[in-house]
Amino acid sequence: MQAINFGLLTDLYGDIPFSEASAGLNNLAPKYDSQEAVYAGINELLDKAIVNLSAPNTSAFVPGSEDLVYKGDVKKWIKVAYTFKARYALHLSKINATTAATAVLSNLAKGITSNEDDFQLIYNKVQANPWYTNQQGLNTGNVSYLVTKQFIGFMNGVTFPFSTVKMDPRMPLLIDIRKYPVVEGVVNPNDPSPSIPANYVGGDPGQGSKGVPAPNAKIGLYSFYSKIDSPVIILSNSEARLMEAEAQFILAGGNATSIGTTASAYSAYTSAISFNLDKLGVVAADKSAYLADASINKGAAALQLKDIMRQKMITLYLNSETFNDYRRYDFSTNVFPGLKIPIAADTKNGGKWVRRFVYSTNERNSNKVNYELNFKSMITPVWWDK
């Protein structure tokens with residue numbers, strides 16, 4: 001858990017307190033370690049976890065229900081540790097793509113292999129899903145979280161034209177187009193049909209609801225990830241298979257514009273889609289039809305990086321890992337078709353993409369010297385992004 005949280009922090013902020021971060025009252029102004037050093041520390045933490053969890057249990061304590069993720073299944077914790085190592089290895093693809101891809105595959109060989117291994121937190125009606133509670137708090141009758149045209153274009157046949165299906169069967173499961181709340185399980189008949197692709201109307205990044213005609217495509221309170229008892233998925237088997245597909249694609253000499261790859265990459269790509277369709281509960285007939293469509297069932301010789309990343313964006317819906325993928329490929333529209341820079345960035349950042357978070361005001365007030373020594377603007381790349 002330390003490795004995962006330090007990983008999230010350093011990927012967003014770059015250099016962060018790490019070696020001195022846990023001293024508590026003994027050091028309220030910890031130094032910042034370089035992101036390169038933090039990454040080495042993260043992998044050391046994961047390696048130690050694997051060794052400790054692999055050792056025989058000599059304690060009388062056996063974890064169970066208090067383990068909110070795997071209910072005490074140590075083997076699954078070991079698998080997910082290796083899969084996180086694969087994720088952090090892939091982040092280094094701009095530094096050395098071949099080395100990164102090789103490390104990804106080596107770790108995935110010992111990583112998670114089924115949806116039952118997904119690293120997720122389960123919520124319920126007492127401890128509600130955070131996407132649900134955030135939207136409830138913002139629910140003033142206006143749209144809160146809109147979905148972009150780019151994301152909808154991945155699923156409605158506009159950016160990736162379909163041959164035999166109308167839409168990605170996951171679209172109505174991920175995106176809410178209701179104008180009226182569901183009352184006692186009954187959907188208002190005036191709501192638009194979720195089976196018509198044209199009813200999903202998204203906005204441009206930074207646009208907000210202004211100029212987007214109703215009903216607006218939004219996260220909403222009824223989608224797979226944002227119901228009151230929806231899980232928050234941090235790392236999934238589907239993501240692991242897409243990491244595998246990308247790594248195989250890289251080792252086969254693929255890049256942002258090349259076409260064609262190995263059978264191994266294509267197999268991992270199609271497996272990832274199948275696993276994600278199962279995860280979201282897509283019915284068998286819709287799953288088969290989608291997998292058979294020419295836009296998906298295109299064969300290894302026609303596979304492109306944008307196909308892999310299209311599926312990764314869908315699989316990682318609402319997951320901050322997508323920000324890392326955008327940066328690794330320099331926000332390329334060859335890799336992410338339809339991607340647009342947020343409206344405000346054109347004026348505030350001189351038309352440049354945000355590449356990191358800036359340290360918080362609290363950090364400036366409590367750790368001023370180290371804050372000022374390490375501060376970078378939001379358009380400055382982190383170490384692995386250069």
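**Figure 1. A salt bridge between the side chains of Asp168 and Arg170 in the predicted model.** The side chains of Asp168 and Arg170 meet at 2.8 Å, N to O, in a salt bridge, a term that here denotes a side-chain nitrogen of Lys or Arg within 4 Å of a carboxyl oxygen of Asp or Glu. Both partners, Asp168 and Arg170, are buried, where buried stands for under 20% relative accessible area, exposed for over 50% and partly exposed for values in between, computed with a 1.4 Å probe and protein chains only. The model is predicted, and local features therefore need pLDDT of at least 70 and side-chain atom pairs count only at pLDDT 80 or more, whereas totals for chains, interfaces and linings use all residues. Residues are numbered from 1 along each chain as its sequence is written, and side-chain values use heavy atoms, with hydrogens and water left out.

Figure 2. The structure holds 20 salt bridges, among them the one in which the side chains of Arg328 and Glu246 meet at 2.8 Å, N to O. Arg328 belongs to helix α12 and Glu246 to helix α8 (residues 237–251), so this pair ties together parts that lie 82 residues apart in sequence; helices (H or I, at least four residues) and strands (E, at least two) are DSSP runs, numbered from the N terminus. Arg328 and Glu246 are both buried. The side chains of Lys48 and Glu44 also form a salt bridge, at 3.5 Å from N to O, and because these two residues are four apart in helix α2 (residues 35–54), about one helical turn separates them. Lys48 counts as partly exposed at 48% relative accessibility, and Glu44 is likewise partly exposed, with a relative accessible area of 45%. Elsewhere, salt bridges link Lys94, Asp330, Arg355 and Asp385 in a network.

Figure 3. A pair of aromatic rings is described by the distance of the centres and the angle of the planes. The structure holds 24 aromatic pairs. In one of them, the ring centres of Tyr266 and Tyr269 are 5.8 Å apart and the planes stand at 35 degrees, so the pair is tilted; rings of Phe, Tyr and Trp (its six-membered ring) pair if their centres lie within 6.5 Å, and planes under 30 degrees apart count as stacked, over 60 as edge-to-face and the rest as tilted. Both tyrosines lie in helix α9 (residues 263–279), three residues apart, about one turn of the helix, and both Tyr266 and Tyr269 are buried.

Figure 4. Tyr371 counts as buried at 11% relative accessibility, whereas Phe375, at 40%, counts as partly exposed. Through ring pairs, Tyr371 and Phe375 are linked with Tyr13, Tyr32, Phe323, Phe357 and Tyr359 into a cluster. Phe375 also forms a nonpolar patch on the surface together with Val358 and Met378, with about 220 Å² of accessible area together. Met378, which is found in the segment after α15 (368–374), counts as partly exposed at 31% relative accessibility.

Figure 5. In a second example, the charged end of Arg178 sits over the ring of Tyr222, at 4.4 Å from the ring centre.

Figure 6. Leu318, in the loop between α11 (305–315) and α12 (321–328), has a phi near 70 degrees, a positive value in a residue other than glycine. With a relative accessible area of 28%, Leu318 is partly exposed. Phe331, in the loop between α12 and α13 (345–348), has a positive phi of about 55 degrees although it is not a glycine, and at 7% relative accessibility Phe331 counts as buried.

Note on methods. A charge sits over a ring if NZ of Lys or CZ of Arg is within 6 Å of the ring centre and within 35 degrees of the ring normal. Patches are made of residues with over 30% relative accessible area and no salt bridge: like charges are joined within 9 Å, nonpolar side chains (Val, Leu, Ile, Met, Phe, Trp, Tyr) within 5 Å. Accessible areas come from the Shrake-Rupley method with a 1.4 Å probe; for residues, only the protein chains shown count as cover.
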